[in-house]
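Please have a look at the sequence and the model first, then read on.

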Amino acid sequence: MTTPHTIAVLGLGRMGGAIATRLAAQDWDVVGWTRSGRTSGAVKMTNDPNEAVAKADLVLLALFDGPACQQVLDDVRDSLRPDAMVLNTSTIAPAEASELARQIGPSYVHAPVLGSVPAAAAGALQILTAAGQDALDRVRPVLETLGTVRCVDDASTPAGLKLIANNSLAGAVVALRDSLRQADALGLSRAQALDVLELGQLGGLAARKRPFLARQPAAGTADFTIGALAKDMALLAAASNTPLRSAANLADTPADPEADIAVAATVPAVEDAVLEPLRAYTRGHATGDPAHFRDAFLPTAHIEGIRDGAFVSWPLDEYCALFQGRPAPDEPTRSRRIDAIDVHGTVATATMTLSHGADRFTDIFLLVRAHDTWRIANKAYHRHS
């Protein structure tokens with residue numbers, strides 16, 4: 001077993017730069033290269049990745065995605081030393097990790113990391129590592145300089161586990177966003193809301209990201225960006241072929257993709273304009289006046305579902321004819337709430353729950369925006385008896 005002495009770090013973004021700096025500070029011989037041209041004052045730099053790789057016992061990848069890893073490795077393949085190890089810390093798809101392992105062979109170590117820039121600087125990363133025993137023994141001293149090594153199966157396994165871990169982070173960001181939006185709707189101060197959120201299950205994230213969540217002008221630089229997390233969620237959704245709500249939520253966040261992930265939790269709730277047709281719809285039920293439904297729906301809309309065991313698809317006129325212009329006798333006991341709404345440019349989807357006496361309805365709406373006005377294009381419903 002030969003411990004690497006010279007390490008080429010290819011990719012000096014936020015994490016790559018922090019990893020290279022940590023290794024150099026711990027007396028490893030590090031040379032860095034980055035596609036963006038970004039420099040790091042803590043490590044030696046080169047403008048030619050082949051030059052970095054030619055002298056390296058270990059090539060460490062810290063790149064944005066799978067295609068970047070493939071491209072860089074293709075570019076430097078002829079310069080790799082026969083005994084060099086390739087250690088990939090990038091967050092990529094499981095299939096991409098498997099393919100790189102197949103191409104490089106036993107000298108490839110897939111090792112995505114859990115933790116952000118502060119953890120890398122402190123050598124406190126959690127490192128999900130897949131490699132043969134000989135390869136693992138060679139790179140272990142480098143990995144242990146960066147954090148704790150957790151050995152798993154083939155290369156696709158740590159890649160998948162990293163995406164799952166980031167999914168939990170995306171869920172926490174979305175949960176923070178929803179909590180802050182509700183606090184705003186209740187008229188609570190942002191400081192009070194954050195104080196209480198720090199006491200709960202989201203406390204650690206709320207405390208670490210408080211400057212961003214409080215919208216402080218000098219909140220600092222991003223440890224993990226919205227764009228990077230959205231990329232990871234898109235990878236997970238594609239790899240699992242399973243719907244992933246956080247992927248759409250992050251991809252459509254109206255914020256700078258280079259902003260810290262916490263900024264995604266501060267995005268205001270949807271505009272009143274998209275809620276107005278839903279509110280008109282609830283007024284129609286509350287009053288029995290079909291004019292409200294005509295305000296809510298497009299004239300071409302259909303209302304569809306199962307009624308008395310048969311599928312029905314009412315044009316708007318037929319649906320409006322069901323209402324007699326007066327409230328239901330038990331209207332004071334009825335309730336309606338908007339459960340979710342997701343806006344994607346000029347279209348939106350919404351879900352509403354209606355409790356009408358002994359019946360509960362789940363309504364699913366498709367909305368469109370035309371000439372700056374939102375209307376319901378179609379509604380489908382399920383009746384829970």
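How many aromatic pairs does the structure hold?

1. This is a predicted model, and it holds nine aromatic pairs. One of them joins tyrosine 281 and phenylalanine 297 edge-to-face, with 6.0 Å centre to centre and 70 degrees between the planes. Tyrosine 281 sits in helix 13 (residues 272-287) and phenylalanine 297 in strand 10 (residues 297-307), so this pair links distant parts of the chain, 16 residues apart. Tyrosine 281 and phenylalanine 297 are both buried.

2. Phenylalanine 297 has another partner to look at: with tyrosine 319 it forms an edge-to-face pair, at 6.2 Å centre to centre and 65 degrees between the planes. Because tyrosine 319 belongs to helix 15 (residues 316-320) and phenylalanine 297 to strand 10, the pair ties together parts 22 residues apart in sequence. Tyrosine 319 is buried, as is phenylalanine 297.

3. Now widen the view. Tyr281, Phe297 and Tyr319 belong to a cluster linked by ring pairs, which also includes Phe293, Trp314, Phe323 and Phe365.

4. Next, try the helices. The axes of helix 3 (residues 66-76) and helix 4 (residues 94-104) come within 10 Å and cross at roughly 15 degrees, so the two helices are roughly parallel. Their crossing is left-handed. Helix 3 contributes Gly66, Pro67, Cys69, Gln70 and Leu73 to the contact, and helix 4 contributes Glu96, Glu99, Leu100, Gln103 and Ile104. By class, these are five nonpolar, three polar and two charged residues.

5. Finally, find proline 315 in strand 11 (residues 310-315). Proline 315 counts as partly exposed because its relative accessibility is 29%. Beyond its neighbours within four places in sequence, proline 315 is in contact with Ala301 and His302.

Definitions and conventions:
Residues numbered from 1 in each chain as written. Predicted model: local features only at pLDDT ≥ 70, side-chain atom pairs only at ≥ 80, totals over all residues. Heavy atoms only, no water. Helix = DSSP H or I, 4+ residues; strand = E, 2+ residues; numbered from the N terminus. Buried < 20%, exposed > 50% of the residue type's maximum accessible area, 1.4 Å probe, protein only. Contact = heavy atoms within 4.5 Å. Axes fitted to C-alpha atoms, helices over the stretch in contact; angles between N-to-C directions. Parallel < 35°, antiparallel > 145°, perpendicular 65-115°, else oblique. Left-handed = near helix turned anticlockwise from the far one by under 90°. Nonpolar A, V, L, I, M, F, W, Y, C, P; charged D, E, K, R; others polar. Phe/Tyr/Trp six-rings, centres within 6.5 Å; stacked < 30°, edge-to-face > 60°.
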